[in-house]
Amino acid sequence: MHRHRSAAAAGRPRPCRRLFSRTPARRARPRDGDRRDMMQQPFTETTRQKKAGDTLLSVRDLSKHFPIRDGVLQKVVGHVRAVDGVSFDIRRGETVGLVGESGCGKTTLSQCVAGLTTPTSGQILFDTGSGKPLGPEDSIARLPKDRQRIFRRNVQMVFQDNFASLNPRELVVDIVGRPLRVYREASGTALTERVVELLEQVGLGRQHLYRYPHQFSGGQRQRISIARALALDPDLIVLDEPTSALDVSVQAQILNLLGDLQHHRHLAYLFVTHDLSVVRHMADRTVTMYLGRVVEEGPTETIFREAAHPYTRALLAAKPDLDDDPEAPLAMLEGTIPDPARPPKGCRFHTRCPVSTPVCGWEVDDIVRLLEADEGLFQSLSGVERRSDVDADLTFADEASALALWEALRSDRVPGAMREATEQLKVEGRSLRVRFSEVDEVHLTPRGEGHRAACVLGQPE
Ligand SMILES: Nc1ncnc2c1ncn2[C@@H]1O[C@H](COP(=O)(O)OP(=O)(O)O)[C@@H](O)[C@H]1O
Ligand code: SF4
Ligand SMILES: [Mg+2]
């Protein structure tokens, strides 16, 4: 695999060659029979040059909560906080890698960015060509119809599961040609020729026009998905684990194809993956997500050289071949990701963090999680009376259980940081009173040029 980094992040000037206000006026297209290699003869700018490095899309304090329903009446009993207050930017021509374990909200966030799902709160701002810096009037939820259309055609998505995303009963010519038909870009022979051009750009050809998706390999199907995403010449493609289901050798081919297309078409990518080697290969900047939140973001090189957040470090340590620094901590991730309907207080990573401190957000729910992992004690728990998130009385069916928990909370069965954060721990008969010190949320703070992390350790003075 050769390494692809966009010129934008490398500080190199990048050829800008797009019409600024492409829509609703349609871009001039080659006449029938006047086929050209679009990768070699890009469209020319006429109104204003879009500059590499300009903010293309800005995610501001975005949340997406899914209701949890229960009972015959399907009452809402809680919410899965899949994405919970996320902010970051994507610049023109750059690749932003979005990483994190399965279940941390990457797909939900990428679907919000692609406009496929409506956020619960927060904003997504998109540069539809107003020529002004992005502001509230660029929120995709508020755009007038014509600018909404510009957003829709300029942000495309490629999914991991190409079996599900390609209609098995449609021919390739119809699948790839659909966006062109919907946006009335071409019809008849011209449309077929445009589809052939697109197929050629992704390494397929005319001979594949009249085949069904099942007649292709996984890698070829992903090429078809990419051709469809390219059809309207977008500014941004959201790629949700585009190579995760592919063999390693095919993965490399698709990554190289994506790198070449980006280079030639001045595309920005939001590249979602749980595979850090892919991010290192592809991304200019890396955003790490944990349990619905961004915990670190920065230039990819910085993240791989000196990640500041213990979660990012643990992800890197799980890929030791990627670690340049032999002294880097080799903490491995233990335990499972907590329930996003009940995310931990303070720093959400504190339940698994190998270097947690007393001010990381210890709370009554940490004890409930501990009990859930101990079936005997959990069965005996008869009630939790909370004064606050950090102060409660836990009542058990018998005194022995209350005493057993008291002993556990004073032993190395719980992290030392949790013991240090305990302000009060008292057992009285069947009841145990516990109070932890109250702490604030942990926010992202600057760690260097374009580098931010949400951790109480290593914060600037
Ligand atoms: N439509 C949905 N309804 C309810 N919960 C959902 C829905 N989609 C995703 N989730 C939950 O949101 C959390 C984040 O999921 P997802 O965005 O798919 O994470 P990732 O892509 O990082 O694996 C998970 O706990 C998942 O179960
Ligand atoms: S704030 Fe930092 S040290 Fe504390 S739990 Fe979170 S990641 Fe670990
Ligand atoms: Mg996913």
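## Oxygen contacts of ligand 1

A polar atom in the side chain of threonine 107 sits 2.8 Å from an oxygen atom of ligand 1, in what is a predicted model. The neighbouring entry in the numbering, threonine 108, also takes part, with an N or O atom of its side chain lying 2.5 Å from an oxygen atom of ligand 1. Glycine 103 contributes through its backbone instead, where a polar atom is 2.6 Å from an oxygen atom of the ligand. On its own, ligand 1 has 560 Å² of accessible area, and the protein covers 61% of that area.

## The shell around ligand 1

The residues that surround ligand 1 include Glu101, Ser102, Gly103, Cys104, Gly105 and Lys106, and among the others are Phe66, Val80, Ala82 and Pro340.

Helix 2 gives the largest share, which amounts to three residues.

## The shell around ligand 2

Ligand 2 has surroundings that include the cysteines Cys347, Cys353, Cys360 and Cys455, together with His309 and His350. Also found around ligand 2 are Pro310, Phe349, Val355, Val456 and Leu457. By class, nine residues of the shell around ligand 2 are nonpolar and two are polar, while none is charged.

## A pair of packed helices

Helix 7, which spans residues 218-230, packs against helix 8, which spans residues 248-265, and their axes are 10 Å apart at an angle of about 15 degrees. Because angles under 35 degrees count as roughly parallel, helix 7 is described as roughly parallel to helix 8. The crossing in which helix 7 passes helix 8 is right-handed.

How values were computed:
Residues are numbered from 1 along each chain as its sequence is written. Chains are lettered from A and ligands numbered from 1 in the order in which they are written. This is a predicted model: local features need pLDDT of at least 70, side-chain atom pairs count only at pLDDT 80 or more; totals for chains, interfaces and linings use all residues. Side-chain values use heavy atoms; hydrogens and water are left out. A residue is near a molecule or strand if one of its heavy atoms lies within 4 Å of it. A polar contact is a pair of N or O atoms within 3.5 Å; within protein, one must be able to donate a hydrogen and the other to accept it, and residues adjacent in sequence count only if both atoms are side-chain atoms. Accessible areas come from the Shrake-Rupley method with a 1.4 Å probe; for residues, only the protein chains shown count as cover. Helices (H or I, at least four residues) and strands (E, at least two) are DSSP runs, numbered from the N terminus. Axes are lines fitted to C-alpha atoms, for helices over the stretch in contact, and angles run from 0 to 180 degrees between N-to-C directions. Angles under 35 degrees count as roughly parallel, over 145 as roughly antiparallel, 65 to 115 as roughly perpendicular and the rest as oblique. A crossing is left-handed if the near helix is turned anticlockwise from the far one by less than a right angle, and right-handed if clockwise. Ala, Val, Leu, Ile, Met, Phe, Trp, Tyr, Cys and Pro count as nonpolar, Asp, Glu, Lys and Arg as charged, and the others, Gly among them, as polar.
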